[in-house]
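Here is a friendly briefing to read alongside the sequence and the model. Please keep the viewer open as you go through the points.

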Amino acid sequence: MNEKRMLGEDHYEQVIAEESICTNENLVYEKPETLTDTPMHYCPGCGHGVAHRLIAEAIAELDIQDKTVGVAPVGCSVFMYNYMNIDMTEAAHGRASAVATGIKRVLPDKYVFSYQGDGDLAAIGTGETIHTCNRGENILIVFINNGIYGMTGGQMAPTTLVGMKSTTTPYGRDVAVMGNPLKITELIAQLPGVYYCTRVAVNTPANVRRAKKAIVNGFKYQELKKGLSFVEVVSNCPSNWKMTPLESNKWMEENMFPFYPLGDLKVPGKEK
Amino acid sequence: MKELKLMKGNEALAEAAIRAGCDGYFGYPITPQSEVLEYLAEHAAKRTGMVVLQAESEVAAINMIYGASGAGKRVMTSSSSPGISLMQEGISYIACAELPCLLVNVVRGGPGLGTIQPSQGDYFQAVKGGGHGDYKLIVLAPSTVQEMVDHVKLGFELAFKWRNPTMILADGALGQMMEKVELFPQQPRVTDVPEWATVGKPKNRERNIITSLHMQAEAMEEINNNLQKKYKAIAEEEIRFEMISCDDADVVLVAFGLVARICTKVVDLAREKGIKVGVFRPITVSPYPYDALNTLANNIKGILTVEMNAGQMVEDVRLAVEGKVPVEFLGRMGGVIPSPEEILHKLEEKLACPAGRFVGVLA
């Protein structure tokens, strides 16, 4: 170590480069071209980055970059277009599925997805969500549910658990005052317009793989023109839950998963 | 060969949309303009393959427009006053993202739920912004069913020329009345994809992003500066107005839309009595023909502005004439249409001052 330091930084970097294991021969994993080089602004441990990557990978693997248009509305993911190397539209709060409807209706052969948080999809945009699903628009909705408003600083979301603290429920969500958390995914799964509906997470490698498969399905099913694909990603918010990334994942497993159980709610061909 | 038809205003407008090669209509029913959606639902798809979708709300409709216009298509919506109010957030986004689209407001009396009768009470909302932030629409004010047709074609042209939302500001009477119209021939739907449209990123270009979000103050100011520069250019190139019997007029009635037509009747009545009256009719109410009205004010003795509201455009008239002549106002509200006799009476009242002229007479 001392010797390396004495040789100066240039030499040190050169040694590192020479010793790099990232050679073409042993490369097993790389950034898809559907992601930009922009560093993501998300907090450490947040699930958004993984979810973005899965969507980018799905688009790259299906080779549909030139046929894909994404919509991300207000929320933490409002800057999604900075990270995705695809055509994207930023939508008003709650309106992503209406914007996606507009795009898909005039470009029926393109792949269109919206990427929405819980406040966006299940509070201010509930009307658009239900009607977009009910019309069976041939789009993919990726729904990130972390039970809190991240961007505005930790206010109660429609999916905030009973008793869960937020800046607007400082003593915990009280059902008598704020009602129960909204299981919007169970709600829309009932609609005939929804072709595929599943709930996933990105907290473990196995769950990441399942989430990826769900997202790939959501794109592929658009070709069938049989209705809407809905993928809920139960996620965490370490910053606003005021936990470390590890603590937040553990809390999510112990509290979010029992209320929002992972698994398929509607799979083509087999009604559950 | 002219194609003449007797048509209701709303239906003529819808027919014009099909003929203008419109790619998509997204709207929600509201009186007095529901015939637009009804007519399109019956005729559009089978004739041109145009998308017609009844949205779950005006809020959803304007956001469908945002998405579809971002895809580079010729799309439109129509509504009436309360519905247009609901759309304002989306219109602000569309204006900032510089997306071309056609908006139609068949205005009814307000405020609130108001009435389904005709009004011009949404003038401020249409020409001064309406939603949040500094933006402007191009606003066309038809005064006949013929113009309801012509302004659809013109509206799309202006929207795409300037990448700016364009509004047709009609009223409930124009939407509901039947008149003879000459229809323009069917235009093909445009297949060119604008370079800015979000349609899927090919390998050989950078990704397209449609957004109105610019977090850095300096960047947002730059966006604003560019918008203002565009609005100035639009004002230099696109002002349209009509002057009727203004050459020898002593007094000019300034009115837009339906009221301007009523005022042309007043010209005849007044001239029978020896009063030389003309009509100045802005066709674009945004941009407003300030200079033309200012020049006209050099040669007349007074102006009576007539509107179906509490006095909205009259503020622009006063800005235009810079105090050169007195500017009087007659307004009816709540869905009441002023009669030619009523306007003439007001005019005579103003003329019956000690000097016998329309000078310094302020009621």
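In this predicted model, strands β3(A) and β4(A) pair in the parallel sense, with 5 bridges between them; two strands count as paired if DSSP finds at least two bridges between them. Helices (H or I, at least four residues) and strands (E, at least two) are DSSP runs, numbered from the N terminus. Residues are numbered from 1 along each chain as its sequence is written, while chains are lettered from A and ligands numbered from 1 in the order in which they are written. Local features need pLDDT of at least 70, side-chain atom pairs count only at pLDDT 80 or more, and totals for chains, interfaces and linings use all residues.

**Around β3(A)**

- How many residues of β3(A) are buried? The count is 7 of its 7 residues, and the strand is mostly covered. A residue is buried if 20 or more other C-beta atoms lie within 10 Å of its own, exposed if 12 or fewer, and partly exposed in between, with C-beta atoms placed from the backbone.
- In a regular strand the side chains alternate between the two faces of the sheet.
- In β3(A), A:Y111, A:F113, A:Y115 and A:G117 point one way, A:V112, A:S114 and A:Q116 point the other way, and all are buried.

**The sheet that takes in both chains**

- The order of this open sheet of 8 strands is β9(A)-β7(A)-β8(A)-β4(A)-β3(A)-β1(A)-β2(A)-β9(B), and its pairing is mixed.
- At the edges stand β9 (263–266) of chain A and β9 (209–210) of chain B; each has a single partner strand, so one side of each is left without a neighbour in the sheet.
- β1 (residues 68–73) and β2 (residues 87–91) of chain A run parallel and are joined by 5 bridges, with A:G70 partnered by A:M88 in β2(A).
- β2(A) and β9(B) run parallel too, joined by 2 bridges; A:M88 has B:I209 as its bridge partner in β9(B).
- Helix α10 (residues 205–220) of chain A lies across β3 (111–117), β4 (140–145), β7 (194–201) and β8 (228–234) of that chain, at about 160 degrees to β7(A). Axes are lines fitted to C-alpha atoms, for helices over the stretch in contact, and angles run from 0 to 180 degrees between N-to-C directions.

**Where chain A meets chain B**

- Chain A gives 30 residues to the contact and chain B gives 32 residues; two residues are in contact if their C-beta atoms, placed from the backbone, lie within 7 Å.
- On the side of chain A that touches chain B, the elements giving two or more residues are β1, β2, α5 (96–106) and α7 (126–135) of chain A.
- Which element gives that side its largest share? It is α5(A), with 8 residues.

**Chain A as a whole**

- Chain A has 12 helices and 9 strands.
- Its C-alpha atoms fill a box of roughly 65 × 50 × 35 Å, taken along the principal axes.
- Of the 272 residues in chain A, 49% are buried.
- Among contacts in chain A with a separation of 6 or more, 66% are between residues 24 or more positions apart.

**A second sheet, in chain B**

- β14 (residues 302–307) of chain B runs parallel to β15(B), and 5 bridges join them; B:E307 stands opposite B:G331 in β15(B).

**A glycine in chain B**

- B:G9 belongs to helix α1 (residues 9–19) of chain B.
- B:G9 is buried, with 31 other C-beta atoms within 10 Å.
- Not counting residues up to four places away in sequence, B:G9 touches B:V145, B:M148, B:A170, B:L174, B:G175, B:Q176 and B:M177.
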